[in-house]
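Here is a short tour of one structure, with a look at its sheet and at a few backbone details. Have the model open as you read.

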Amino acid sequence: MSKEIVYLFPGQGAQYVSMGQDFYNAFEESKKVFDEADEILGYSLSNIIFDGPKQELTKTKYSQLAIFVVSSAIAAAFEKKFPEIKPSICAGLSLGEYTALYMADKISFKECLLLVQARANHMHEASVNHPGGLSVVLGFDEKTVREHIEAQGYTLWIANLNCPGQVVISGSHEELDKATLSLKEAGAKRVLPLDVSGAFHSGLMKEAQEKLKDKIENIEFNDSTIQVAMNVPGSIVEDMSHMKGHLIDQVASTTKWEKSIREIDEKDVAFYIEMGPGRSLCGMNKKIGVKAPSYNVEKVDDLEKLLEKIGVCYA
């Protein structure tokens, strides 16, 4: 039986100005992804990605679209470079879950782009109405963080459970500031703000979740042989209606990334490939302790470096 090949896709916060531009210049397949996105959206998202400014790119209504498009463009180049490699499992962190669904052939590029646009716009509106952010707590487990929040009476939520010793909390800036001080006093190694513009995966996103619900329910997912591990249950999901429900819930719920990776790693995995800006998912895999090697493709040069490594994996 052949080994599993796992594609991973990053979420919001990984964005930076000029990401993916080398793929745009080097691969016609990647350029086509950027150009198609610009045409569908009716404005040049590519210019915002390549030229910024950073403050504009960081806005939720642009950053989510930008990361989805860049990850998809990198995946297109990867498919050109390695046509014999196909994923058997796809997974993405938060926003990256949409890229995973697209790369798993569950949804077309255009439908997924428009769904990401709706998600980004609704979450942007919720962020304006209920300002807040995310902070990562290092050195504490979920139980410790949750008990601390409850004991202090903070209105905060556990947003992401990414890997051991890393818990992301979400809420208003005021509540996060208070929690940052008290968590450090309680012994957390560090508490750091993340580069996002909203209190994602929290109760402050409920209005965005409600607005997105109908759009997700009206999408027709395609059946495919590629499996998708989803954030909310932290497991592989086969049922199409369950996929939609988890996608809706994800907006205001905890993402259980570590749990989903541990389930995948119980299979006979050949390697993980993270495609998109940054290499945070490879870093998380290392902390989780996956058995298979993890590679990232962020720059064109990364494709060349992969040739020998992937050959060794197959051997």
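Helices here are DSSP runs of H or I with at least four residues, strands are E runs of at least two, and both are numbered from the N terminus.

## A cis proline between two helices

This is a predicted model. Let's begin in the loop that links helix H3 (45–51) to helix H4 (54–58), where Pro53 is found. The peptide bond joining Gly52 and Pro53 is cis, with omega at about 5°.

## The four-stranded sheet

Four strands form an open sheet in the order E4-E5-E3-E6, with antiparallel pairing. Its edges are strand E4 (156–163) and strand E6 (190–193), each of which pairs on one side only. On average, neighbouring strands are turned by 25° against each other, direction ignored.

Helix H8 (residues 142–152) packs on this sheet and touches E3, E4 and strand E5 (166–171). The direction of H8 makes about 170° with that of E4. Helix H13 (residues 280–288), by contrast, runs at about 80° to E4 and lies across E4 and E5.

Strand E3 (residues 133–138) and E6 are joined in the antiparallel sense by four bridges. Here, Leu138 has Arg190 of E6 as its bridge partner.

## Two positive phi values

Ser94 sits in the loop between strand E2 (89–92) and helix H6 (96–103). Although Ser94 is not a glycine, its phi is positive, near 55°. Ser94 is buried, with a relative accessible area of 12%.

Asp105, in the loop between H6 and helix H7 (109–129), is another non-glycine residue with a positive phi, about 65°. Is Asp105 buried or partly exposed? With a relative accessible area of 47%, Asp105 is partly exposed.

Definitions and conventions. Residues numbered from 1 in each chain as written. Predicted model: local features only at pLDDT ≥ 70, side-chain atom pairs only at ≥ 80, totals over all residues. Heavy atoms only, no water. Pairing = 2+ DSSP bridges. Axes fitted to C-alpha atoms, helices over the stretch in contact; angles between N-to-C directions. Contact = heavy atoms within 4.5 Å. Buried < 20%, exposed > 50% of the residue type's maximum accessible area, 1.4 Å probe, protein only.
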